[in-house]
Structure formats: C-alpha cells, structure tokens
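Please have the viewer open, and follow along heading by heading.

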Amino acid sequence: MKSRKLYHLAIALLLVVPFLLAGFKLIEKRTSLVDLLPKEVFTVTYEFDMSNLPPQAFVKAFLPENTRRQTIRYISDEFGELNFKTTRSAAGTRGKWETTTQNEEIFNCQFEVEGKSIKYHLRSEASFESNFPKSISAYLKGTENIQADHPLIRARAQALKRGNINQTLRANFDFVGQIHTSHTGLLTNAVTALKRNRASCNGKSRLFVALCRAQGIPARVVGGIILENSRKRTSHLWTEVYFRGNWIPFDVLNGHFAFLPANFLELYKGDNFLITHTKGIGFDYQFLIQKKYQTTETLASSGRQLWSLLSVSNVPFDLLRGILLLPLAALVIAIFRNIIGLKTFGIFLPVLIGLSFSRVSFTAGVITFGTVILFVSLLHLILEKWGLLHIPKVVIMLTCVVLSLLGLSWLGVNSNWQALSASLFFPVVVLSITAERFAKTLVEEQFSEALKILGATFIIALLCIPLFQSDLLVGFFLTFPEFYAAILATMLLLGRWIGMRVLEYRRFAAFSK
Amino acid sequence: MFYFLNRKKIESEVLGINARNLSYVYPKNPRAYFPLADNKVLCKKRLHEKHISCPETYGVIERIGDISACWDQVSNHSKLAIKPANGSGGGGILILGKDEAGNWISGGKKRSEERIFTHMARIIMGMYSFGSKDQVLIEQCIEPHPFFHEIFPAGVPDFRVILLHNQAIMSMLRMPTEKSDGKANLHQGGLGIGIDMERGTLKQAYDGSQYFDVHPDNGHPIAGKVIPMWEEILTLAIETSCAFPLNYLGVDIVLDETYGPMILEINVRPGLAIQLANRKGLKNLLHNSNQKNLWP
C-alpha cells in the first residue's frame, strides 16, 4: 500500500505545484498572462563610417518614431567626436551627425523596435472624397519623381479608375503589381516605371502613388526597413493612401493591400532619402538587425525562468523551440497511442518527423517524406528477394534515402520550385530511421498493416506541426517551466490507466450487441 | 459507429490492451523471465528439463563454425524444422523433408546442402532477428493430426490456451486459409476458432470480420466438431504453465498424429483476438480467477 500512496502523492504534488508557482508569479508581478507571452522584438543598429573628411561634414539619417504600429526604445549610441542633434518635421525625425575633426569617424546608433501589424478593411461602397484639408491636398500634387500630372500617368489613371475607392485602389494595386520586378537600388520615377513596365520597390511605389493622385486620391510614399535577422543596406519604400482620416498602407511589391506586417519599420514619410551626407566624403553604412523574444521587463529581470537561455547561451531559437516543446509533443503521442490506440513507429519518431516538417515548408515536407518512403518500400521488396543481411540492407536504404533527397533537391532547383530544393533540410536521420522501421514492419506484418502504422505515424506527425510552430507554447514553457511537472503528472496517471483504447471499441464492436 | 453508444457493454466484458498489460502481463510475469518465452531455445530447454511433451530438439547451433558438425548429427532424420530462436514473422522457418532419392526438399523444391547451410548462417548473423545475433534451432517436424486436415488440408494449425496462475481461462484453434498462405496467424489472414472448453468442441470461426460455421474456403464443417484428445491438450497446457515462472501466459499447442499434443511455443503477451474468436470477453473470467492484488 505504501507505494500506492507515494504514487498518488507524487501525482498530486506534480499537478498542484505548477499552478501554485504560476499563480504566485502572476500575482507577485501583477501582470496578466498576455503580458507574459513572448513578443517579437528587433534590435536595429545603424552602423556608419565616414572618411576622407573636409573640415566640416555631416551625415543625416531618419530615426524611427513611436506610432500606433511601432514602439521604439533607444538603447545606446557611440557617436565618438561627433555633434548630434535631431530635427522633427512632417517627414519624420532626422538625426544629424556633424564632424568636429577630420579623422575617420565610425559611429553607431542602436534602438529596439516592437512592431504590430495593422489591417484596414475598406467598405466596398465607399465613394471618393473631395474637400481635403490643406495639409492633405498637398498629397494630390505631382512632384519631380511622382509625376501625377504627366499625360501617360493621367491616361493610365483614367483607365484604372472605378466607381468606388476600394475597386479603384484594387485596380491600381493589381496593375502596378503585375509590372516586372527589378532589383535595382537606383531611383526610378513613376513615369519611367510605367514606360519600361519594369521597376523595383521604389519605382512601383511611386507609380502607385502617382496613379492615386491623378485619380484625386491623396497618397504618399513611406520609407523604412523590413526587419529580419540580417545585416543589410537596403531600405524599402511602400505607400499610404489617405481615406476618411486614416493613412492606409499599401505595399505593392510584397502584395500587402491595406495591410502592413509587424516587421515593417517606418522611418520617414514622403519622397526622401533615408540617409544623406556631405558630397564627396567616403561613406559606408549598414543596418544590423537582430530578432529576439522578450517578455515584460519585470519578469525578465526576475531570473526565475528560462528567458536567459535565449540571450546568454546563443541557442538558435528554432532549436530551443524544438527542445522545449518535445515533452509536450511526446505527451500528445502517448495520448494517441494509449488512449486512442493508434499504432505508430515508436514514440520518438512521429515527434521528430513533426519537428522536421515544422522546419521546412509543408508541401516540401510531404513530398519529400512520401517520395522517400515510397522509394524505400520498393527497394525493400527488391532487396527481400535477394536475401540480404539486415545491417547491409539498412545501409543500402540509408544511402538511397540520401540519393532521393539530393534528387528531389536537384529537381526543385531545376524546376524553380524553391520549396522542394529545401528538401535537403529535412533531416536525413529521421527519414532513414522511418524508412528502416517501415521496412521492418513490412516484414513483420501484412502490407496493409504496415501502411496503417505508417499512416498513423504521418498523421500524428502532422498534428505536431502547429504545436512546434506555436510561439504561444514556447513562451508559455519559457515563462512557466514548472508545467513540465504537470506533464510528468499526466504521464504518471496515464501510466496506470487501464481503460480501453478508443479504437478497441471498434475492434470489439461485436460485443456491443 | 453505434458501438460507441454501447461502450459500457463492451467495457464490462472485453479486456483491452491497457488492462491486459497493466493488470496481467507486467504484474504477473517478472521481466527477467521474458526470455524464457521469447527465446525458443531457452523455452525448449526448460520444456525438456521438465519433461513436457514438445517436438524433439535435434540441435542448437550458436556459431557458424558449428553448422557443419551439427548438420552431420541431424541429417539422418527424414524431416527437419529449422527455426531462428528469436525470429518473428515466421520468415526464417525452413521445413525440410527428404524425397525418395534422399535429397532435401522444401516447399516442393530441391534444396542443396549448401543452401541449407547458408540459411542457417543467415539466421545466426541475425537476418531474421533484425541484426542481432541469433541461434539456430533444429527440431522434430510436426505431422498434424488428420482432424485438422478434415477442415483444411494444408499448414500446421495450433491451439492457443490462455492461463492465469495455472488455470486455463480461454482457448482457440488457429487455422490457416488460402489467404493466409499456410500460416495460422490471425494477423496474416488465418481463422480464429472459439473452443467450448467444457465440452471440448469447436465453436464458430472468425476471420477478422465475420463468423462462420464452416471453413470459408471449402465449406468443411467446423462448429460443433469434437476436438480429439482435448483433455490431454488442456492438461499439457496447465503442466506447461506450472513449469514456467510466468503467471499469465498464452501456450501454443499442436496435435501431432503420432505423438499427440505437443508444445510449440509460449507467449508472455498473448493477443486479445481470442475474445473475438470465442465471442466472449476475458475481463470477468480473468478477474474472477485472479487471487492476487494488483499492487506489489
């Protein structure tokens, strides 16, 4: 009896403690659950290098402001011997760095960005506006690069105009969208983009704005940077259209209609240059962007949870995600096996397959998986006839798995199917183990049985994909690692559960009569 | 779909796999003794020690170097069964007989000694045990009692008896069909025929989806047929159970036309389809028979 009591005690403790600890954390810090979940935050560093300096030189660059969509926190700067000041205008906040010496100056400026995406829904019956306030009607005029008055633009605008604003914007959007994309960084004005039927982001944006203006819709370009883990020098230009008191974003190049993703950092409004500097100096620059995950400061500083793993140990987030969620995925599989009664190839394999799928594109994953297993099955049938010893047979299959992955990848590259060429990222080991287990089952059971087990393994792996991709779950376990105890408790309970598996009801259906 | 509505009824009678493992297989069978059931060589050793009727073991080969010597000793027999000790799926089993000229035949084809040696070498090298080393078991071939061939002319059918603490709880007869390619395994398309243990007669046959009173391939009668030597079969099953330190067992018995009931092998995780073959659940039968507590 003693071990039974111990068993129940263990379960009770493991279930209750997480809730206590979690509740304690929430109460103590007086935050809600939503605040504790991770937010995607970017650290952006402007890295500048000025050389070959005359007695007085400067660099000007736009700096981000707080808006509805973005929250900015300045972290640090290294301005050396430069004088720094900022000026605000309708275009945005501009920083100016002036030299005091003629020595080469390497300087940087670092800030943190937390962005939100924004989506607008335009009413389909919404009609055109007129009578704009003076500040807005400025955005109806043609400029040097946004030639709204040019006959070609006017003609095209007339052709695209529809009965209401929504349809008109749609027409403009689709028209500019189907223009060929070029990747030049050079400035392209609206007319050139239209004439050549070819433009980069800045040409397309200017054309879109020009068309809108010619149709009597106030519009402007907006400049900024698309944030992602990288070092880059390219900025991005998108557009905004004024309607009913709101400036609504449109990014033709990336297909965002009345929508802007969270990682678009806005730096300036209107047709400006992100960075300007004194003519003739040696100037180089780079944007260093790093993505990280953060929770509220109070909790992060408490050190009572695992967030430090992210910043200190340099573990790539993808890997961490897989490790953190593995126990939960394994629990899901235990439930599918012991409660529902599906048979799979082991408990680890579906988890690993699911993890692999969540890292590559889903289509590529399915094609890779399906092709390899099919190939291996055929191979197995042949090898069986030749009566090979087990281990050499396995090595042959493993080699063939690698060959099929290479083949698929080559196919992907040649047919321009990006997703397929990424097949190589699918873990070879996982595929080989699955192939070997499948082959083993083909021997031990009937073909239909082996296929059923493979199917069940595959389906459960699919279910693991959203699990592994969930930022919510990752954040949850990072913030409340005590819930691993709850997983342990659940498995202790399941370990002594003698109920019938769901599929067994079907197998023994004859007993229900 | 409606079976789910009546699930209480199913639950009250049927032993599911979770319950089987948790209440019977693992508590009743000390893990250390599993190899006595899983390894045919160890099993035979114990059977011979306890003088329990089973096919005579002609030889056991552990190393490739011993094949030749062992073969010389056994090749005077007119029939042989060569099996992997740890094999599964029946893939490694080779039944050999001699023709008039003294050549070895298997499945109607001539087999040279070289090929037979190769087969045994492969067994040792683990071809049928998924890479891990194995032993070759050479034993007496079974001649099935004509009773079986009255139902179906081919293969070696066997009786499966489930015992708990040396008491026979339920049994069935596993019979091959055309579909099963000579194998009696239910998984591979064979028939499971329930047994009325009191009367010693066969009940209906189950093929995985339907029940039959006759064999589905040839219409030979099954239900109600009297099993020859049933008392001896039961006694042998109980004797075997007593001989092993395992308390929840499935015992496989064949009926040889000359030697009567013989133990083929024992199973420490006997399957649950026996309930379907008998149209009766194991749950209550086992519970009533069970004297010991669930907890250690």
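## Chain B at a glance

In chain B, which has 296 residues, buried residues make up 50%. This is a predicted model, so please read each value below as computed from that prediction. The secondary structure of chain B comprises 10 helices and 13 strands.

How much of the contact in chain B comes from residues 24 or more positions apart? Taking the contacts in chain B with a separation of 6 or more, such residues account for 61%.

## Where the two chains meet

Let us turn to the interface. Chain B brings 36 residues to the contact, and chain A brings 34 residues. About 3,300 Å² of area is buried between chain B and chain A, and carbon and sulfur atoms give 64% of that area.

Which elements of chain B supply at least two residues each to the side that touches chain A? They are α1 (7-13), α2 (17-28) and α9 (274-278). By residue type, the side of chain B that touches chain A divides into 16 nonpolar, 13 polar and seven charged residues.

The links between the chains can also be counted. Between chain B and chain A there are zero salt bridges, while six residue pairs are in polar contact, with both residues at pLDDT 80 or more.

## Salt bridges in chain A

Over all chains, the search of the whole structure finds 24 salt bridges. One of the pairs in chain A joins the side chains of Glu65(A) and Arg88(A), with an N to O distance of 2.7 Å. Glu65(A) counts as partly exposed because its relative accessibility is 23%, whereas Arg88(A), with a relative accessible area of 63%, is exposed.

A second pair has another setting. Glu240(A) and Lys269(A) form a salt bridge in which the closest N and O atoms are 3.4 Å apart. Since Glu240(A) belongs to strand β12 (residues 236-243) and Lys269(A) to strand β16 (residues 264-269), the pair ties together parts of chain A that are 29 residues apart in sequence. Are these two residues buried or exposed? Both Glu240(A) and Lys269(A) are buried. They also belong to a network of salt bridges that links them with Arg220(A) and Glu266(A).

Chain B has a salt bridge between Arg269(B) and Asp38(B), where the closest N and O atoms are 3.8 Å apart. This pair links distant parts of the chain: Arg269(B) is in the loop between β13 (260-267) and α9, Asp38(B) is in helix α3 (residues 34-38), and the two are 231 residues apart.

With a relative accessible area of 35%, Arg269(B) is partly exposed. Asp38(B) also counts as partly exposed, at 36% relative accessibility.

## Around Ile248(A)

Next, look at Ile248(A) in strand β13 (residues 246-251) of chain A. Its relative accessibility is 4%, so Ile248(A) counts as buried. Leaving aside neighbours within four places in sequence, Ile248(A) is in contact with Tyr120(A), Leu122(A), Thr239(A), Glu240(A), Val241(A), Phe243(A) and Ala258(A). Among these is Glu240(A), the partner of Lys269(A) in the salt bridge described above.

The C-alpha atoms of Ile248(A) and His121(A) are separated by 9.6 Å, although the two residues are 127 residues apart along the chain.

## Backbone and cysteines

Arg244(A) is not a glycine, yet it has a positive phi of about 45°. Arg244(A) sits in the loop between β12 and β13 of chain A, and it counts as partly exposed because its relative accessibility is 49%. His165(B), likewise not a glycine, has a positive phi of about 50°. The loop that holds His165(B) runs between β7 (158-164) and β8 (167-175) of chain B.

How many disulfides are there over all chains? The count comes to zero. Among the cysteines, Cys400(A) counts as buried at 13% relative accessibility, and Cys141(B) counts as buried at 11%.

Conventions: Residues are numbered from 1 along each chain as its sequence is written. Chains are lettered from A and ligands numbered from 1 in the order in which they are written. This is a predicted model: local features need pLDDT of at least 70, side-chain atom pairs count only at pLDDT 80 or more; totals for chains, interfaces and linings use all residues. Side-chain values use heavy atoms; hydrogens and water are left out. A disulfide is a pair of cysteine sulfur atoms within 2.5 Å. Buried means under 20% relative accessible area, exposed over 50%, partly exposed in between (1.4 Å probe, protein chains only). Contact means heavy atoms within 4.5 Å. Buried area is the accessible area (1.4 Å probe) that two parts lose on being put together, summed over both. A salt bridge is a side-chain nitrogen of Lys or Arg within 4 Å of a carboxyl oxygen of Asp or Glu. A polar contact is a pair of N or O atoms within 3.5 Å; within protein, one must be able to donate a hydrogen and the other to accept it, and residues adjacent in sequence count only if both atoms are side-chain atoms. Helices (H or I, at least four residues) and strands (E, at least two) are DSSP runs, numbered from the N terminus. Ala, Val, Leu, Ile, Met, Phe, Trp, Tyr, Cys and Pro count as nonpolar, Asp, Glu, Lys and Arg as charged, and the others, Gly among them, as polar.
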